[in-house]
Amino acid sequence: MTKKWWMESVGYQIYPKSFFDTNYDGIGDINGIIQKLEYLSSLGVNLIWICPFYDSPMDDHGYDVRNFFDIAKEFGTMDDVKRLIEKAHGLGIKIILDYVLNHTSDEHPWFIESRKSKDNPYRDYYIWHEGKLQEGKKIEPTNWGSFFGGSCWKHDELTDSYYMKIFSDKMPDLNWQNEKVRNEMINVGQKWLDLGIDGFRLDAVSHLDRSEFVDIINAPDRYPLDWHRFSNLPKVHDYLKELNKKLFSKSDCLTIGEVGGEASIESGLKYAAFEANELSMVFNFDHNWCNNIYEVLSTKKLKTNLLCLKKALNKWQIAFKDKGWVPLNWLNHDQPRLMSQYGNHQYPLASGKMLATVLHMMRGTPFIYQGEEIGMTNFLFDDVSQFKDISSVNAYHRYLLDDSDPVKALKKAAIRSRDNPRTPMQWSASYYAGFSVVNPWMPINYNYKKINVEKNIKHKNSLWYHYQKLIELRRFSEYHDVITYGNYEMIDDNDEYLFNYLRYNHNQKLLVLNSFASQRIEYDLSSFKIMKKVIGNYKKQSIKNGKIKLKPFESIVFELKEEL
Ligand code: GLC
Ligand code: CA
């Protein structure tokens with residue numbers, strides 16, 4: 001295996017709109033990222049992924065790009081981006097940006113041209129289709145649903161045809177079969193690499209190919225969402241091999257694909273095995289929903305399905321063992337907050353630290369999502385107007401149709417809402433959580449006085465310092481090699497409360513114990529030769545007669561004596 005810089009990195013994901021506002025308009029900006037680089041450096045991260053800040057009408061908060069070569073006014077200027085790259089590099093922090101390949105905004109000049117007429121030179125930049133005649137009426141070419149709800153086709157009056165859009169109406173899908181589109185997008189990537197960025201997170205990359213346009217039969221809804229129609233299809237791999245050859249392989253850049261659509265291990269390897277010559281790694285979502293999320297509404301209890309979670313994380317560790325590399329991220333800007341998803345509200349500190357340990361001691365490149373390091377939580381939405389995410393608004397209206405109770409519909413939409421992770425970063429207990437000095441674009445979480453960066457940094461026992469210590473262990477300690485490159489082996493596979501594993505190389509061995517139980521659990525250590533404790537979330541351990549009594553959500557890493 002060839003070692004790469006990104007295997008030794010610890011990443012941090014920034015959602016710029018909600019990170020830090022420096023010009024008092026209530027919207028986070030590039031200058032805000034610049035000002036917080038020292039903060040990130042003190043946490044220990046040396047890689048940041050920044051969500052889109054390109055010029056955009058913001059239908060999907062920047063994922064709908066109007067101009068790939070310009071910066072949205074609310075975020076700043078190209079000069080700010082240059083300063084950002086320079087300062088980050090000066091601190092030893094690399095930067096990757098979103099590479100949005102699947103679609104553009106409907107306000108992008110290519111689309112404005114494309115819709116004008118059927119023989120416009122840009123027509124084939126997008127996926128156009130005639131409507132289908134049904135009972136004398138023209139309807140969508142297929143009944144396929146989109147990710148954000150409704151049909152994945154949108155009628156356009158100008159030419160009386162439909163364009164495909166698997167996200168929002170304002171995000172027409174690019175036609176990757178068209179070589180011109182591929183060349184344009186390679187050009188986009190090249191320009192950004194030339195500017196000095198270190199790689200890309202490839203947005204929605206599994207969707208660049210479409211299956212034949214035939215209806216989904218026996219559909220339960222008018223527009224059923226069947227990911228298989230536009231996810232992980234064969235031509236995606238041709239396109240990525242081409243991008244790799246013409247773009248990625250020419251620099252030492254990092255490429256992480258967002259691979260939704262139930263990517264199997266098999267397809268994950270197609271994208272990111274070392275010899276695939278496509279991507280450095282892929283983000284998958286297998287571990288994101290291992291809990292009884294909708295039962296929270298009735299029982300108020302959130303129980304992690306630990307066997308599901310273990311299986312999901314374990315299988316990627318195993319499959320990529322010698323064949324590739326994986327990112328280690330709990331969640332991102334599209335999922336609920338980690339603490340609300342898998343944490344425990346009675347033991348927030350212990351469970352937060354334990355969750356951090358579970359992931360950061362694995363083999364791969366960790367990514368912390370902004371605010372995770374201080375234990376930020378979901379937002380208690382009490383009005384639909386608080387939703388800023390178009391898919392949450394659509395979900396709310398869908399639920400309202402099922403059951404006309406608006407309170408229930410709001411609660412249901414809120415639980416999975418992509419707005420949960422997008423409330424502003426909680427920097428301090430002062431007004432607007434220190435994020436801005438004016439009312440922000442999105443409500444601040446009510447708990448900001450309790451959960452914020454300033455408070456975390458003041459208390460040595462905080463979650464923040466636990467993250468810092470985990471990063472320090474991985475990047476700079478005597479365990480650097482075993483944590484980064486060592487073998488991984490799960491133990492106690494069928495235990496419903498413990499997530500335990502070993503990490504080892506030729507001269508070091510670590511035992512990682514993590515309890516997901518709120519009661520004490522006894523664990524037999526007699527078969528391990530314990531040398532010392534490396535990190536834990538409780539000061540003292542109770543070990544008697546070779547048995548440890550793990551406290552609620554206790555997590556502990558021991559160095560073991562290597563048996564030769
Ligand atoms: C990805 C992004 C998400 C966005 C979508 C469309 O899934 O993570 O935020 O809405 O792609 O670009
Ligand atoms: Ca601002």
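How many positive and negative side chains does the protein chain have, and how far apart do the centres of the two sets lie? There are 73 positive and 74 negative side chains. The centres of the two sets lie 6 Å apart. The legends below describe a predicted model.

**Figure 1. Overview of the protein chain, with 16 helices and 23 strands.** The radius of gyration is 24 Å, close to the 24 Å that the globule rule gives for 564 residues, so the chain is as compact as a globular protein of that length. Along its principal axes, the C-alpha trace spans about 80 × 55 × 50 Å. Buried residues account for 61% of the 564 residues. Take the contacts between residues at least 6 apart in sequence: 71% of them join residues at least 24 apart. The chain exposes about 23400 Å². Carbon and sulfur atoms supply 50% of that area.

**Figure 2. The disulfide between Cys290 and Cys308.** The structure holds one disulfide. Its S to S distance is 2.3 Å. The torsion about the S-S bond is about -65°, so the disulfide is left-handed. The pair links distant parts of the chain, 18 residues apart. Cys290 sits in the loop between strand S13 (281–283) and helix H8 (296–299). Cys308 belongs to helix H9 (residues 306–319). Are the two partners buried or partly exposed? Cys290 counts as buried, at 2% relative accessibility. Cys308 is partly exposed, with a relative accessible area of 29%.

**Figure 3. Thr304 and its contacts, including Cys290.** Thr304 lies in the loop between H8 and H9. Its relative accessible area is 11%, and the residue is buried. Which residues does Thr304 touch, not counting those up to four places away in sequence? They are Cys290, Asn291, Leu309, Gln341, Tyr342 and Phe516. One of these, Cys290, is also a partner in the disulfide with Cys308.

**Figure 4. Cys51 and Cys152, two buried cysteines.** Which cysteine sulfur is closest to that of Cys51? It belongs to Cys253, and the two sulfurs are 18 Å apart, too far for a bond. A disulfide here requires sulfur atoms within 2.5 Å. Cys51 has 1% relative accessibility and counts as buried. Cys152 is buried too, with a relative accessible area of 0%.

**Figure 5. Met58, a residue other than glycine with a positive phi.** Phi of Met58 is near 70°. Where is Met58 found? It is in the loop between strand S3 (54–55) and strand S4 (67–71). Met58 is buried, and its relative accessible area is 11%.

**Figure 6. Tyr432, a residue other than glycine with a positive phi.** Phi of Tyr432 is near 50°. Tyr432 occupies the loop between helix H13 (406–416) and helix H14 (453–458). With a relative accessible area of 28%, Tyr432 is partly exposed.

**Figure 7. His397 in helix H12, shown with Ala409.** Helix H12 covers residues 390–402, and His397 has its place there. The relative accessible area of His397 is 44%, and the residue is partly exposed. His397 and Ala409 are 12 residues apart along the chain. Their C-alpha atoms are separated by 7.7 Å.

Figure 8. Gly32 counts as buried, at 0% relative accessibility. Pro552 lies 520 residues from Gly32 along the chain. The C-alpha atoms of Gly32 and Pro552 are separated by 38 Å.

How values were computed: Residues are numbered from 1 along each chain as its sequence is written. Chains are lettered from A and ligands numbered from 1 in the order in which they are written. Side-chain values use heavy atoms; hydrogens and water are left out. Helices (H or I, at least four residues) and strands (E, at least two) are DSSP runs, numbered from the N terminus. The radius of gyration is taken over C-alpha atoms; the globule rule is 2.2 Å times the number of residues to the power 0.38. Buried means under 20% relative accessible area, exposed over 50%, partly exposed in between (1.4 Å probe, protein chains only). Contact means heavy atoms within 4.5 Å. Accessible areas come from the Shrake-Rupley method with a 1.4 Å probe; for residues, only the protein chains shown count as cover. Lys and Arg count as positive and Asp and Glu as negative; His and the chain ends are not counted. The place of a charge is taken as NZ of Lys, CZ of Arg, CG of Asp or CD of Glu.
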